[in-house]
Amino acid sequence: MTQQPAAGRAARIRRPIGAQGDIRPVQSGGVTTRLADIAAQAGVSEATVSRVLNGKPGVAATTRQSVLAALDVLGYERPVRLRQRSEGLVGLITPELENPIFPALAQVIGQALTRQGYTPVLATQTPGGSTEDELTEMLVDRGVAGIIYVSGLHADTTADMSRYDRLRAQGVPYVLVDGFSPKVQAPFISPDDRAAMALAVTHLVSLGHTRIGLALGPKRFVPVQRKIEGFVRSMRDQLGLTARTVEEELVQHSLYTLEGGQAAAAALIERDCTAVVCASDMMALGAIRAARQRGLEVPKDISVVGFDDSPLIAFTDPPLTTIRKPVPAMGQAAVRTLLEEIGGTPAPHSEFVFMPELVVRGSTASAPGDRGRA
């Protein structure tokens with residue numbers, strides 16, 4: 001990404017210091033004047049500036065960085081030899097980009113990689129398109145320094161995990177986000193799905209809801225299983241319901257799409273749920289649609305809670321109460337962990353779990369005394 005000029009310098013044009021970075025004084029004194037400006041900005045001598053610009057040794061790393069920062073501030077171009085070079089490519093494989101949480105995570109990871117001198121390569125799976133294995137092969141063929149997987153096959157309990165062993169045998173470092181498998185010796189980055197459900201249930205119970213449904217994706221995925229565990233435990237602890245009752249009556253599996261949320265919520269509404277917790281914001285929007293199709297108002301007649309806090313979700317109608325996924329922290333941790341792997345000081349092959357946050361908006365309210373349903 002190209003950074004825009006700071007306010008007040010919008011019209012400033014980057015000025016070369018001299019031919020090919022040569023800063024030898026000239027008769028006009030123009031170059032020496034520039035050296036003086038840079039030296040004053042960096043708080044060093046002109047001789048030090050000269051050594052940095054000409055790539056000479058004997059300058060401390062912090063001093064060298066101060067001089068380069070002064071060049072940027074004053075609007076001068078860095079000599080070609082001093083421009084930051086890419087440390088290499090890093091692959092980022094996501095399942096799709098329709099769910100806005102994936103582009104949001106990709107942006108955090110991409111920016112963090114760029115700041116460290118790496119070039120992110122986004123590879124996205126699409127229906128009928130390349131598989132995770134094919135995307136991995138493509139990235140490895142291009143010599144990536146490492147790969148970050150988001151919600152990949154590592155989250156599917158029915159998938160063959162030996163693919164990750166083969167990748168490690170090829171010497172390619174990787175980090176896995178959203179999903180966990182004890183069969184894979186790698187760093188994992190996850191939100192606390194169980195705690196997320198506790199936050200949602202506690203909020204709805206405090207509003208008087210006792211018939212709370214959970215809409216989520218296929219059961220074979222690790223995040224789904226963890227959400228169910230957290231939901232069942234919270235419903236037992238706070239409402240005294242048995243695990244069997246909760247799983248049989250109040251849990252509905254579907255797809256992680258708007259249509260999937262609509263179908264799941266429709267089934268839960270038929271079971272007299274006054275509130276629905278959804279495993280994604282997209283599913284929550286589908287749940288609101290399902291309620292309106294039945295003449296119900298959100299949140300007057302039924303409350304809806306999402307998961308992710310995707311961009312723009314605060315501006316839906318009504319603004320969505322949701323569980324905020326710690327995307328910035330997770331993305332930065334994934335990059336930091338991968339770079340440690342690349343640098344030869346691997347992080348522990350364990351799971352780093354990040355706490356989500358309840359964000360209360362307009363889609364939840366007190367439980368209705370009488371919904372007046374037909």
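The following legends describe close-up views of a predicted model.

Residues are numbered from 1 along each chain as its sequence is written. In this predicted model, local features need pLDDT of at least 70 and side-chain atom pairs count only at pLDDT 80 or more, while totals for chains, interfaces and linings use all residues; side-chain values use heavy atoms, without hydrogens or water.

View 1. Helices (H or I, at least four residues) and strands (E, at least two) are DSSP runs numbered from the N terminus. Five of the seven residues of S1 (residues 88–94) are buried, that is, under 20% relative accessible area with a 1.4 Å probe, protein chains only. Two strands pair if DSSP finds at least two bridges between them. S1 runs parallel to S2 (residues 118–124), with seven bridges, and parallel to S3 (residues 146–150), with four bridges. Gly91 has Val121 as its bridge partner in S2 and Ile147 as its bridge partner in S3.

**View 2. The largest nonpolar core.** A nonpolar core is a set of buried Ala, Val, Leu, Ile, Met, Phe, Trp, Tyr and Cys residues joined through side-chain atoms within 4.5 Å. The largest has 43 residues, of which Leu214, Phe231, Val277, Cys278 and Val304 touch the most other members. Among the elements giving two or more residues to this core are strand S8 (275–278) and helix H11 (281–293); H11 gives the most, with six.

**View 3. The surroundings of Cys278.** Contact means heavy atoms within 4.5 Å. Leaving aside neighbours within four places in sequence, the contacts of Cys278 include Ala215, Met283, Val304 and Phe307.

Technical notes
Buried < 20%, exposed > 50% of the residue type's maximum accessible area, 1.4 Å probe, protein only.
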